[in-house]
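Have the viewer open as you read.

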Amino acid sequence: MKINNEDALKKAIKNHKSGNLKKAEFFYTGILKSDPNHPHANHNMGLIAFSTGKEEESLILFQTALKVNPSIEQFWSSYIKALLKLNRLEEAKSIIFQCKQVLKNNKKFIVKLERDFLAPIYNNLSFTMKTLGKLSDAINYANQAIKINPHLSEAYNNLGVALQENGNLNEAIESYYNATIINSDFKQAIFNMGNVLEKIQDPLNQPLLTKICLKILDEKTCSSPRDITDIILTILKSEPKIKSIINYKNIDFSTSIKISKIISELGRIPLLIKFMKLCPIPDIELENLFTNIRSNILIHRKTIKDSYQKTNFLKGLVLQCFTNEYLYNETKEDTINIQKLEKTIESKLKSGNQPRIFDILCLASFRYLHLYGWCKDLEILNEFDEIYKSLILNPYYERKVAFQIPIINQLQNRVSEKVANQYEHNPYPRWINIKLNVEASTISKIVAELGINLFDQSIKKVRNPNILIAGCGTGHHSIRTAARFMHSKITAIDLSLTSLAYAKRKSKEFNFKDIEYLKCDVLDLKQLNQKFHIIECLGVLHHMDDPIKGWKILTSCLKPKGLMRIGLYSKYARDKVIQFRKKYIYKQNKFTNNQIKETRKELIKNHYDKYYQIIKSQDFYSISEIRDLLFHVKEHQFTLPEIDKILSKLGLRFCGFENPIALQKFKLYYKNHNDIFNLRKWDIFEKKNPQIFSGMYQFWCQQDF
């Protein structure tokens, strides 16, 4: 039975909407046979053609529909959408201008057209120009996109990227912030803000930067608090309340009223409290302030009246002291007062009553709560919940999970035993938040981003890499690697069960379920009977009895043409540490936490200028980190010529450093691109810049056989 085009169109549209494209196409084709210029049939056939991969055919069909009836908004929209998806931006822009001429009286549609299509076109052009290195054009296009659509968060982000690469850091971070105001869950923009905060040195808009710092610290995976300490300290130490307290050398803590006023004022500074909770604060002035406040809260605790601000500050102080492992000096008077407080709390609980939360927090600023037998009897009140989780539940969980971690072999090497014992008592590093890639990437993309020089490209084809983290510590390294490499299977080993338990807890917290944690010495790796596409070993080899032997074993566990990322101490960068170790470590091989605190106190008081680099290091501000920095049971240092020889001996070839700051400075000296892969030139450069590898040499190498 023959049906007319109107009925056929209804049937076609019905099938089209229900997803039956084959039947819809049948009806549209029938219509076009009788009327080749039918506008709706051409348009709808264009939609089907585009969705089935016939892009050029779809564009012709859209054009035909528009020639017949240019007044229909949907025809223009579909044509422009198709061009945008094909990234034919200039054509799309041209069609938009044609549309504006044809439908100039349809003001409402023109505004929608510009907002929905022209603004994204300018935004895409901004991204393209940035990729080509044309930063002025990128900035201009992003601004045009924002002018048309002030609610396009992606345009603010692209503008920020272009401004950042152009060196306009203050403007860049403001643009990123605007993107997050429009879209509070815009992870890439928040991540980008963190990157800028790591570099910014001259903050122009401190109120805005304060908001940004708080936002970043609230996001657990967009930045590591350690990476942005410089800017946060700049902001905090210019805060009038903090500035006046620090600058007033003889602070009067003689009464509970006076100490109450100070901690109430500090408890009203959100950035300070948030920062205190998340990482050790690397600042001597603030450390001295907190040490004095802590002692005087203990003295006056009975007469200090509770308030939200005071409790807020005290919670920040508790978590700061817990995270830095009670680094602050404790006086004899403190110890006596702590013993009195312990008896008061224990007596309260024995009588069936709950102690005052303020007293519990006061004690927790000096002592580990989970070590008290009575801590299980504490009631969990709202104002205590955060502390209870961090100081009691988390240590309990780690103690429990430690017994579930597989042990590959009992340690046989004497130095390995000593190193393991160190990290059992002081797991390193203790961390809260972490900076993770917004999206995982392929090996190929990561290699391109790093700019490393592969000698064999086959590794780039690996889609599901097996990766070994040799010496994962508390999981910071293994979790970051898992977030970096797409579809990766991570095996993470360490000598310390305490560190591994911490790593397992943090992996669970950040939802990384597929990292396998094992207690295993590098020397026993062959017992795993596994080969890996990538091996990462940062800060481990230089603490082994025989680093070359350990490195050789790692190499034997690498698949042919596999990649290795290595971290080793630089002899030049560790010069002051070496001087310190010669003076202190060889007098005494074993240091207790109290002895470390006393030695640290002496450095600050009597040798500040000589050991300034050490004292300014972030590792100077927690027990585990300063032990790792200065008091490690075993340490080797290397030079680049030595590393070059070892690489050659092990059949490895140097692929490049992973150190953006060092690379940037190196390129100012050496203009030839291939120079960045020349260790001889890097050695010359390092001698002129001995602190350039103050953390470690971190570099990639590839198996050459």
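Start at cysteine 279: its sulfur sits 12 Å from the closest cysteine sulfur, the one in cysteine 213, which is too far for a bond. A disulfide here is a pair of cysteine sulfur atoms within 2.5 Å. Cysteine 279 also counts as buried, at 4% relative accessibility (buried is under 20% relative accessible area, exposed over 50%, partly exposed in between, with a 1.4 Å probe and protein chains only). Cysteine 520 is in no disulfide either, with the nearest cysteine sulfur, in cysteine 557, 8.9 Å away. Cysteine 520 is buried too, its relative accessible area being 3%. The structure as a whole holds zero disulfides.

A quick word on the ground rules: this is a predicted model, so local features need pLDDT of at least 70 and side-chain atom pairs count only at pLDDT 80 or more, while totals for chains, interfaces and linings use all residues. Residues are numbered from 1 along each chain as its sequence is written, and side-chain values use heavy atoms, with hydrogens and water left out.

Now for the helices (DSSP runs of H or I, at least four residues, numbered from the N terminus). Helix α31, residues 640–650, packs against helix α33, residues 679–688, at an angle of about 160°, with the axes 9 Å apart. That makes α31 roughly antiparallel to α33, a label for angles over 145 degrees. In the contact (heavy atoms within 4.5 Å), Leu640, Pro641, Asp644 and Leu647 of α31 meet Leu679, Trp682, Asp683 and Glu686 of α33.

Methods. Axes are lines fitted to C-alpha atoms, for helices over the stretch in contact, and angles run from 0 to 180 degrees between N-to-C directions. Helices (H or I, at least four residues) and strands (E, at least two) are DSSP runs, numbered from the N terminus. Angles under 35 degrees count as roughly parallel, over 145 as roughly antiparallel, 65 to 115 as roughly perpendicular and the rest as oblique.
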